[in-house]
Amino acid sequence: MTPAAGARDHLPPAAAGGRASSAPLLGRDTEPTLFELSRPGRQAWQLRTTGVPELPLEELVPAEHRRPSPPQLAEVSERDLVAHFTRLSHRQFSVDLGSYPLGSCTMKYNPKVCDAVAALPGLADVHPGAPASCTQGWLELLVELEEALCQVTGMAAATLQPAAGAAGELTGLLLMRAWHESQGRPRSKVIIPDSAHGTNPASVTLGGYQTVTVPSDERGCVDLAALRAELDDDVAGIMLTNPNTLGLFEEEILDIAAAVHEVGGLLYYDGANLNAILGVVRPGDMGFDIVHLNLHKTFATPHGGGGPGAGPVAVAPRLAPFLPGPRPVRLDAVDVDGAGPRFGWETPEHSIGRVHSWHGNALVLARALAYVLVHGGDGLRRVAQLAVLNANWLRTRLHGTYDVPYDRPCMHECVLSAATLKRTTGVRALDVAKRLLEEGFHAPTVYFPLVVDEALMVEPTETESLQTLEALADAFERIARQAAAPGGAELAAGAPHGTPVGRVDETRAARTLVPTFDARP
Ligand SMILES: *Cc1c(COP(=O)(O)O)cnc(C)c1O
């Protein structure tokens, strides 16, 4: 909002906040909370009176809907508010600042062109309840994205509603349930490998199924014999990701698919991290029936910090009638003069219902289509090739400095282990992660997957240059060297030094969680 001329008269007096100086915070100084900066009566902005007569409060909000006393909110000026958040933002690490090799969660740089597209007023300012006749452009965008995601996954139809990966998983399991019920044989079990992402068993439980775990074999893949032993006509399906959570390709996927289909089960593909296979191989061709994608990992939406995501679910033809609705569709009948609406909404015949209000997190969907269009088919394949190349470069380079428990070509991520380092120096995976923060990199995922001792799961992603990979590898090597030097264990145990927050007591943070702030002295 631009202040109208004369509006300055209505601004609260400019005032210094709780901090006397505007110098950026250095070192470990704590930034006061907004409640500590608060001073009674201070406010950020006050609109000019418009001249339109004001309604009495009683008419605007009836007494029974009003709270008895005002909420206890912080009172700060706009200037102090902006300074507060800017100071906090300087204390963060982010994908825009540097390499963020967090395995399994694909924290990669997201091209700014996607944000520019999502900010277009014609997209950003549209009310989701506007009638289809006024939102043909938006509908076309959604239809095109659905078609693109179906092409990428080898599926027939999709829903864009789920708000995140876990929401996509639950949607997929509800689709699985609806399918088996339509066949007149409800089932009770879903199989998951022991290397799976934690959301998988949680979604299975939420979907009303029981989890059956199958072990990985010595190559890090699903043990086919163990899987066969679990298969019977009470198995609703299997949830897999390929490449799996060890970053390894399940080479027996076609045999796995045939075995599960033989007992009437369905195959669910956790496609949260599709970077490794984009444009190279498709879940549909591997035999999967249901796939969810994390647009906020693979398709250009920044994530972390609880921002909006999108977890579309794509399915094989026989599951399409059960998809959530309404879905954006192309209308067959076009007006003779071509001027009538070409897109509309349709709810599938046996729809499981809505899984999100309106149409999902629409601006995330806009970013994803922009990402697909900017890259094109060849560009998406190149994303996969570079993601795999970068991970293998790191695996090869760090082999010997760290253990590589499954020593064969990986896909988009590689799992290292600090087991030998710990045995010889006492320095653990957690210490390595904290030392990396000092080196200017985000830490990799640690102690996951659970099947690897002292796991360090590194996903460099396709967006990092060779120079960055070299610097990251140098840092990993330096950390191992210093761990072995005199005083190395103490150095590691005290890390990270020089960051705004040092080592936190993670057990206490989890056990004594205090999510509120009490400003009273
Ligand atoms: C991130 C992730 C999920 C969960 O996605 P959210 O959007 O965080 O709910 C599921 N599976 C895998 C493999 C993931 O990496």
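Tyr447 counts as partly exposed because its relative accessibility is 30%, where buried means under 20% relative accessible area, exposed over 50%, and partly exposed in between (1.4 Å probe, protein chains only). The model is predicted: local features need pLDDT of at least 70, side-chain atom pairs count only at pLDDT 80 or more, and totals for chains, interfaces and linings use all residues. Residues are numbered from 1 along each chain as its sequence is written, and side-chain values use heavy atoms, leaving out hydrogens and water.

**Backbone geometry in loops**

- Tyr447 is not a glycine, yet its phi is positive, at about 55 degrees.
- The loop that holds Tyr447 runs between strand E11 (445-446) and strand E12 (455-458); helices (H or I, at least four residues) and strands (E, at least two) are DSSP runs, numbered from the N terminus.
- Thr106, also not a glycine, has a positive phi of about 35 degrees and sits in the loop between helix H3 (78-89) and helix H4 (112-118).
- With 1% relative accessibility, Thr106 counts as buried.
- Asn242 and Pro243 are joined by a cis peptide bond with omega of about 5 degrees, and Pro243 lies in the loop between E4 and helix H10 (253-262).
- Another cis peptide bond links Gly325 and Pro326, with omega of about -5 degrees; Pro326 is in the loop between strand E7 (313-315) and strand E8 (327-330).

**Largest pocket**

- The largest pocket holds about 760 Å³ of space.
- On a 1 Å grid over the protein atoms alone, a pocket is an open set of points where a 1.4 Å probe fits, with protein on both sides within 12 Å along at least five of seven lines; lining residues have an atom within 4 Å of a point.
- Grid points are joined across faces, edges and corners, and the volume is the space filled by probe spheres set on the points.
- Its lining has 28 residues, and Arg91, Gln92, Phe93, Leu437 and Pro500 lie nearest the centre of the pocket.
- The lining residues comprise 17 nonpolar, nine polar and two charged, with Ala, Val, Leu, Ile, Met, Phe, Trp, Tyr, Cys and Pro counted as nonpolar, Asp, Glu, Lys and Arg as charged, and the others, Gly among them, as polar.
- Helix H15 (residues 429-438) gives the most to this lining, with four residues.
- The pocket lies between domain 1 (7-90) and domain 2 (382-511), because both give residues to its lining; the domain bounds come from an automatic or database domain assignment.

**Helix H8**

- Asn200, Ser203 and Val204 are buried in helix H8 (residues 199-206).
- These residues cover an arc of only 105 degrees around the axis, so they are on the same side of H8; the arc is that of the directions from the helix axis to the C-beta atoms.
- Thr205 and Leu206 are exposed on the face of H8 turned away from its buried side.
- Packing against the buried residues of H8 are helix H7 (165-182), strand E2 (189-193), strand E3 (210-214), strand E4 (235-240) and strand E5 (266-271).

- Gln136, in helix H6 (residues 136-153), is buried, with a relative accessible area of 17%.
- Apart from its neighbours within four places in sequence, Gln136 is in contact with Pro341, Arg342 and Phe343, contact meaning heavy atoms within 4.5 Å.
- Pro486 is in the loop between helix H16 (466-484) and helix H17 (488-494) and counts as exposed, at 85% relative accessibility.
- From C-alpha to C-alpha, Pro486 and His412 are 36 Å apart in space, and they are 74 residues apart in sequence.
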